[in-house]
Amino acid sequence: MGSVTRIRGEVRRDAVIVGRARHLADLAACARRARAGEGQVVVIEGESGFGKTALVHAFLAGESGWITAAAVADDGECAVTYGVIEQIADELAHAGAAAAADVDMRDNGIRQVAASAVAALDAVGGPVCIVVDDAQWVDEDSAGVLMLLAHAVRHRAVLLVISARRDASPLLNRVRRLASGPGRGAVVHVGALSPREVQELVEVSLATDYSLRSATTLAAYAQGCPLDIQAAVEACGGDPARAHDQLTRYVPDLVESLRTVLSQVTDSCRLGVELMAVLDAPTSVADLDAVAVRLGGLVDVPAAMDVHLLEIENSRGVLTVRPLHARVRDAVLAAMDRDAIRRVHTAIADGAVGPRALLHRAAACVDGSEELAAHLEEQASGARAHGDLDRAVEYGLWATRLTTDPGAYPRRLVDCAASSVAGRHLRVFDELVGGLESLAPTPERDLLLAYSQLRRGDNAAARERAASALAADLCGEPASTALRIVVTCGLASALAVVGELAEVATLCDVLERDLSVLVAERSADRADDGIPVDLLGREIELSALRSAVAHYTEGIAVHRSPVAKLLDALAPGRYDGRHAIALVTRGTLLHKDGQLHRAAEDLTSGLSLIADDASWVAQQGRIELAMVQFRLGSWDDAQANAADALDLALDRGDPWSTAAAYAVAALVPVGRGDLAVAERRLGLAHAAMSESGTLVAYRVIALVEMMLALARRRPERALTAMQAYRVHADLGDRVGNWDAAEAVALLELGRIGEAAAALARFERTDAEYLLVRGAVSFMAGERDRAARQLRGALAALDDDSSVIVRGVTWHRVGMLLAVDGEPDAGRALIRRARDLYGRLGAARWLAECEADLRALDAAPMARSTSQNVSSETSLTVREHQIALLVGEGLTNREVAERLTLSIRTVDFHLRNVLHKLGFGSRRQLRGWAAAAATSRTVPDPGDESPSGEPHRSRFRTLVLGVAGA
C-alpha cells in the first residue's frame with residue numbers, strides 16, 4: 001500500500017469484497033478531495049458482520065501515499081480515558097511525527113488534547129488517513145477530541161474515517177450531520193448482500209458456479225451477512241460439491257444464543273416464539289392465543305417483540321404475527337425437544353381445518369397411523385385428479401411415512417414416486433428409490449427404477465430393467481396403464497436427450513399402444529385412480545418424440561415432421577402449455593437446420609407457455625435458445641438464458657442438463673475473450689458429461705472446445721474433443737457441424753489432405769462450408785478455386801448466418817480482395833467485420849481486424865521500399881519473418897510461440913525459405929540474417945509478395961475459427 005505505515009491487524013489484500021463498488025467509489029472520491037487539502041469525514045455504518053472493516057481494508061489496499069493511523073474501540077475502551085486518541089497518537093509517532101509523542105493527555109482538557117493532535121497531524125508532512133473502527137464504543141473524552149478534529153481538518157490533507165454500527169450516540173449523530181454537509185465527506189451505509197452478490201461471493205471464494213436460487217436461499221438464511229456467509233464457505237472446507245446443497249448448514253449456529261435468550265424471558269414470551277417456529281406461516285394474534293390456550297398457556301407478543309424475536313403487521317385490519325426468519329426458526333426448533341414440537345402440532349391441528357390441519361396432524365404422529373395414512377392417500381389421489389401434483393407429492397410422502405399396513409405400503413410408495421416423476425419433483429423421487437428397490441418386482445416398480453437408473457446415467461441397465469415392464473400385459477387396467485404412460489414419457493424424453501433414439505422409437509410404439517388402450521377404456525381424460533394423464537398433451541409429446549427420431553435418424557426435413565404438421569394445423573393464438581414441447585422440439589430442429597430466426601421464434605414461444613420453468617422441456621429450450629441467440633449476435637440475452645439454465649441445473653441437481661448448461665454458459669465468455677471463465681466452465685461441463693452425456697451437450701462442448709482451441713492456438717485439443725464427442729456415428733452430421741470443425745482443426749495442424757477429405761463427406765453450399773473449403777483450396781495451392789469458393793461464401797451469407805460466420809467471412813474475403821486488386825472493397829468488408837465485433841464485444845477478433853486494416857494501410861509504403869531489393873525478396877512476408885528469427889538462433893518451437901503459429905506451419909515455411917535461398921542448412925541463415933538486417937527493413941505482415949500472391953500462412957490463420965460458430 002505504498003507508504004502506509006501501520007494499521008491494526010495489517011491491511012488485508014486478499015479479502016473478497018463484492019457488492020461494494022459504490023461504497024469504494026465514495027471513499028475514493030473523498031480521498032481525492034482530502035489529498036487536495038479539503039479534509040473529509042466519512043462515516044461507515046452497518047450491522048456487525050456486514051463488512052465495515054473489510055471495506056476499510058479494501059479501500060486502503062487500493063490507496064498509496066497515505067500515512068495511516070488506525071484505532072479500534074472495543075467494548076473495553078469505554079472505561080479508558082482518551083483510549084482511542086492514545087492509539088492514534090502512537091500510530092502517528094510511529095510514522096515519524098515527533099509532535100505526536102508530545103500529546104499529553106494527563107490532566108488536560110479535550111481542547112488541549114485536540115490542539116496537540118492537530119499539531120501532530122501538521123508535523124507528519126503528508127496526507128493522513130485516520131481510521132476509527134467500532135466507534136460506537138469510543139469513550140466520551142476521545143469522542144470529544146474526534147469531534148474537534150473533524151472540524152479542524154477541513155483545510156488539511158486529512159481523511160477521517162469513522163466506522164460504527166447504526167447506533168445513536170452523541171459522537172455518531174454529530175459526525176453523521178457533519179459528513180452529510182456539502183463537500184465535507186460522505187455517509188456510507190453497508191447493508192446486507194443481495195442474492196446476486198451472495199452468488200458472486202460464493203463463486204469467487206470457491207472458484208465454481210453457484211445457482212442463483214441457492215444464493216437466494218443462503219442470502220435469506222444468513223440475512224445477507226457477508227461474515228456469516230464467508231464462515232459457511234470456510235466451514236464447508238472449500239468443497240464446491242458440498243457448497244451447492246449444504247452451504248446453509250454451515251452458517252454459524254444460533255441455537256446456543258437463542259437458548260440463552262429464551263431462558264431469560266418469561267414463559268409466555270418463549271411460548272409465543274416456539275409456536276411461531278412450528279406454525280411457520282403468518283398467523284393472527286387471536287389464532288396464536290387460541291393455540292396457546294389449548295396448550296394451557298398464554299402468549300406475550302409484546303415481550304417477544306422487545307427481544308426482537310417476533311414482528312407484527314396490520315394485515316387488512318387484523319394484527320398478524322410474521323413468520324420467524326428461517327435461520328431463527330431452525331434454531332428455535334433445534335432448541336425444542338421433539339415431544340414439545342409434537343404437542344404444538346397437535347394443538348394447531350385441533351383448531352385448524354383443511355390441508356393445514358391434515359399436515360399438522362401428520363407431523364404430530366409418533367409411531368404412524370394407518371387411519372391417517374389412508375386419509376392422506378385419498379387426499380393425494382384427489383390432488384392428482386385436479387392436477388395439483390405439488391400437494392399430491394406432499395400428501396403421498398406423509399401417507400408413505402405413516403403407513404403401518406404392509407400391504408398398503410407398496411401401493412402408496414409407487415403412487416408417490418409416480419407423482420414425483422409426473423411433477424418433476426426429482427429430489428423427492430431420489431429419496432424414494434431406496435424404498436422402491438425393497439419392493440417385490442412389478443411392471444410399475446421396474447419402470448420407476450429404470451427411470452432412476454437413467455437419472456444416474458446407467459442407460460444400459462435402465463433399458464434392460466424397462467424391457468420386461470414395457471412388454472408386460474396390463475390387461476387394460478386403467479390405473480397401471482396410466483402410470484406406465486407417465487413413466488414411459490419420462491423415459492422416452494430422457495433417452496431422446498441422451499441420444500438413444502432407437503430406444504426412443506420403441507418407447508413411442510409402447511406409448512402409442514397404451515394411449516389407445518386408455519382412450520378405449522374411458523371417455524374422460526383422467527385415469528380412474530387420479531394419476532393425471534392429459535391425453536392430448538401426451539399425444540403432442542408423442543408427436544415431438546417421433547419428430548426427433550425421424551429428423552436425426554432418417555433425415556426427415558423439419559417441415560415434414562409430425563410436430564410441424566401438428567403446429568401448422570393450429571393458429572398460434574390457440575397454442576397452450578401442452579404445445580410447449582412441440583414448439584421447443586421444432587425450434588431445436590430448425591436450429592439444427594440453420595433456420596436461426598424461425599428457431600428463435602419457436603423456442604421463445606414455447607418457453608413462454610411453460611408454467612414450470614424448471615421442467616426438462618424448459619431447460620432444453622433455454623439452452624437451445626441461448627445457443628441460437630449467441631449465433632444471432634444477441635450475446636447479452638444468450639448470457640442471461642445460459643445463466644438461468646445453469647442456475648436451474650445446479651439447483652435441481654439435474655444430470656441431463658448440467659453439462660450442457662455449463663458449456664453454453666461458456667460461449668459468451670470465450671467470444672468476448674474471458675478465457676479463464678470459459679476454461680473453468682468447460683472443465684465443469686466435462687466433469688458433468690462423465691455422469692450423463694446429451695446431444696445438446698455434445699454439440700455445445702465441441703463448439704466451445706473449437707473456439708477455445710483457436711484462441712489458445714491449440715488445434716490438437718479441438719480435434720481430440722471432436723473425436724471424443726462424435727459418438728453418434730449413426731446420426732452423422734445431423735448432431736453438429738463436425739466435418740467443417742474437423743477440417744479447421746486439421747488445417748491448423750497442416751494436414752491439408754485430411755481436411756479436404758473431411759469436407760468431402762457431405763457436399764454443402766452454405767457460407768460456413770464454402771469458407772472452410774476456400775481455406776483448404778488456398779493452402780493446397782488452388783488459388784482460382786479458393787477465390788471462387790470464398791466469393792461464394794460471401795454470396796451465401798443471409799439473415800440466418802451466424803454473426804461469427806458473417807464476421808469471419810467479411811474479414812477473410814476482405815483480405816482476399818485487398819491483395820487481389822480490389823483494396824477499397826476489401827477494406828470495406830473488413831470494416832464491416834470490425835464494427836460487428838465491436839458491437840459484440842469480441843475483443844480478439846476486433847483486434848485482428850484493426851491490425852489488418854493498419855497493415856493494409858501501410859502496405860503501399862512497404863511495397864515502394866522494396867522495389868530495389870535483391871531477388872531474395874521472393875520470400876513471402878511470413879517466410880521472411882521466420883528466416884530472420886531462425887537466423888537469430890531461435891528454435892522452430894520458439895519461432896512458433898513468437899508468431900503464434902503451429903510448429904508444423906513453421907516447418908513448412910522454413911523448407912520453402914531454404915529452397916528459395918539455395919541453402920542446405922538452417923545454419924546458413926545466420927549470416928544471411930545479419931546481412932539482411934543491415935540492408936533492408938522487414939516487410940509489414942500485411943504486405944503481399946512481389947508476385948501479388950497473398951501470404952498463405954497469414955490467410956490460413958485468418959480463416960480458421962469459423963466452423964460451428
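1. Does Arg401 count as buried or exposed, and at what relative accessibility? Arg401 counts as exposed, because its relative accessibility is 51%. The terms have these cut-offs: buried means under 20% relative accessible area, exposed means over 50%, and partly exposed lies in between, with a 1.4 Å probe and protein chains only. Arg401 belongs to helix H20 (residues 389-402).

2. The model is predicted, so local features need pLDDT of at least 70 and side-chain atom pairs count only at pLDDT 80 or more, whereas totals for chains, interfaces and linings use all residues. Residues are numbered from 1 along each chain as its sequence is written, and side-chain values use heavy atoms, with hydrogens and water left out. Helices (H or I, at least four residues) and strands (E, at least two) are DSSP runs, numbered from the N terminus.

3. Five strands form an open sheet in the order E2-E3-E4-E1-E5, and their pairing is parallel. Two strands are said to pair if DSSP finds at least two bridges between them. Strand E2 (67-72) and strand E5 (185-189) are the edge strands, each pairing on one side only. On average, neighbouring strands of this sheet are turned by 10° against each other, direction ignored. E2 and E3 are paired in the parallel sense over six bridges, and Val72 stands opposite Asp133 in E3.

4. Strand E4 (residues 158-164) is mostly covered, with seven of its seven residues buried. In a regular strand, side chains alternate between the two faces of the sheet. In E4, Val158, Leu160, Ile162 and Ala164 point one way, while Leu159, Val161 and Ser163 point the other way.

5. The partners of E4 deserve a separate point. Strand E1 (residues 40-45) runs parallel to E4 and is joined to E4 by six bridges; the bridge partner of Val42 in E4 is Val161. Strand E3 (residues 128-133) also runs parallel to E4, with five bridges between them, and Val161 is the bridge partner of Val131. From E3 the chain crosses through helix H6 (residues 140-152) to E4, and this β-α-β crossover is right-handed. That term applies if, with the strands pointing away from the viewer, the path from the first strand over the helix to the second runs clockwise.

6. A further open sheet has three strands in the order E6-E8-E7, with antiparallel pairing. Its edge strands are strand E6 (283-284) and strand E7 (312-315), each of which pairs on one side only. E6 and strand E8 (residues 318-321) run antiparallel and are joined by two bridges; Ser284 has Thr320 in E8 as its bridge partner.

7. The axes of helix H17 (residues 338-351) and helix H18 (residues 354-364) come within 8 Å and cross at roughly 155°. Axes are lines fitted to C-alpha atoms, for helices over the stretch in contact, and angles run from 0 to 180 degrees between N-to-C directions. H17 and H18 are therefore roughly antiparallel to each other, a term used for angles over 145 degrees.

8. In helix H39 (residues 752-759), the buried residues are Ala755, Ala758 and Leu759. Seen down the axis of H39, these residues fall within an arc of 95°, so they line one face of the helix. The arc is that of the directions from the helix axis to the C-beta atoms.

Note on methods. Angles under 35 degrees count as roughly parallel, over 145 as roughly antiparallel, 65 to 115 as roughly perpendicular and the rest as oblique.
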